[in-house]
Amino acid sequence: MLCKSGLIKLTLGFFVASILSFLFVSHPPTAFGQNAALVKPTNGGSLKVKIEPTPITLKVNTPTKFKITFSKSAGNVQPHIDYDFLITNNGKGIFSASSSTGQTGVPLHTAEGIVTIPYVFHSSGNYLLTVKVFGILFN
């Protein structure tokens with residue numbers, strides 16, 4: 001479904017996976033302009049994953065940056081996370097952070113616990129954002 005005025009409508013979700021377990025949490029359809037950040041806990045509650053887009057109102061062919069923060073339940077940033085960030089449209093994968101670095105299927109690593117991932121949406125529509133957490137090191 002296309003959105004008027006070239007705005008991008010996102011359906012948000014997280015797929016947070018620890019070594020032993022998996023979780024899929026969905027969020028009702030919303031435009032980031034109405035809800036600037038999304039925070040979801042992992043299934044065990046040991047981590048919270050937050051996505052913050054810049055700019056808040058997403059537009060076609062305009063560079064967007066997604067700041068992803070991994071934090072402990074107490075709110076402190078959790079360093080050393082293995083992860084991937086995916087964007088899908090109508091069930092079709094259109095972006096993978098690991099693929100964009102030439103490491104398709106290999107989890108990326110953040111030593112700091114905060115990453116910023118750039119992306120440009122080339123058409124308006126509904127998108128699903130997915131964060132996969134593969135491991136927490138030095139826990």
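Is F121 buried or exposed? At 0% relative accessibility, F121 counts as buried, a term that here means under 20% relative accessible area, with exposed set at over 50% and partly exposed in between (1.4 Å probe, protein chains only). The structure is a predicted model, in which local features need pLDDT of at least 70 and side-chain atom pairs count only at pLDDT 80 or more, while totals for chains, interfaces and linings use all residues. Residues are numbered from 1 along each chain as its sequence is written, and side-chain values use heavy atoms, with hydrogens and water left out.

The protein chain contains 1 helix and 10 strands, helices being DSSP runs of H or I with at least four residues and strands runs of E with at least two, numbered from the N terminus. Along the sequence, these elements follow the pattern β-β-β-β-β-β-β-α-β-β-β. Of the 139 residues in the protein chain, 38% are buried. Contacts (heavy atoms within 4.5 Å) between residues at least 6 apart in sequence join residues at least 24 apart in 63% of cases.

An open sheet is formed by 4 strands in the order β3-β4-β5-β9, with antiparallel pairing; two strands pair if DSSP finds at least two bridges between them. Because β3 (38-41) and β9 (114-120) stand at the edges with a single partner strand each, one side of each is left without a neighbour in the sheet. Neighbouring strands of this sheet are turned by 20 degrees against each other on average, direction ignored, as judged from axes that are lines fitted to C-alpha atoms. Strand β3 pairs with β4 (residues 47-54) in the antiparallel sense over 4 bridges, and the bridge partner of P41 in β4 is K48.

The aromatic side chains bring the account back to F121. Rings of Phe, Tyr and Trp (its six-membered ring) pair if their centres lie within 6.5 Å; planes under 30 degrees apart count as stacked, over 60 as edge-to-face and the rest as tilted. By this rule there are 7 aromatic pairs. One of them joins F66 and F121 edge-to-face, at 6.3 Å centre to centre and 80 degrees between the planes. This pair links distant parts of the chain, since F66 lies in strand β5 (residues 63-72) and F121 in the loop between β9 and β10 (126-136), 55 residues apart. Both F66 and F121 are buried. The ring centres of F121 and Y127 are 4.7 Å apart and their planes stand at 65 degrees, so this pair is edge-to-face. Y127 counts as buried because its relative accessibility is 2%. Ring pairs link F66, F85, F95, Y119, F121 and Y127 into a cluster.

Note on methods:
Axes are lines fitted to C-alpha atoms, for helices over the stretch in contact, and angles run from 0 to 180 degrees between N-to-C directions.
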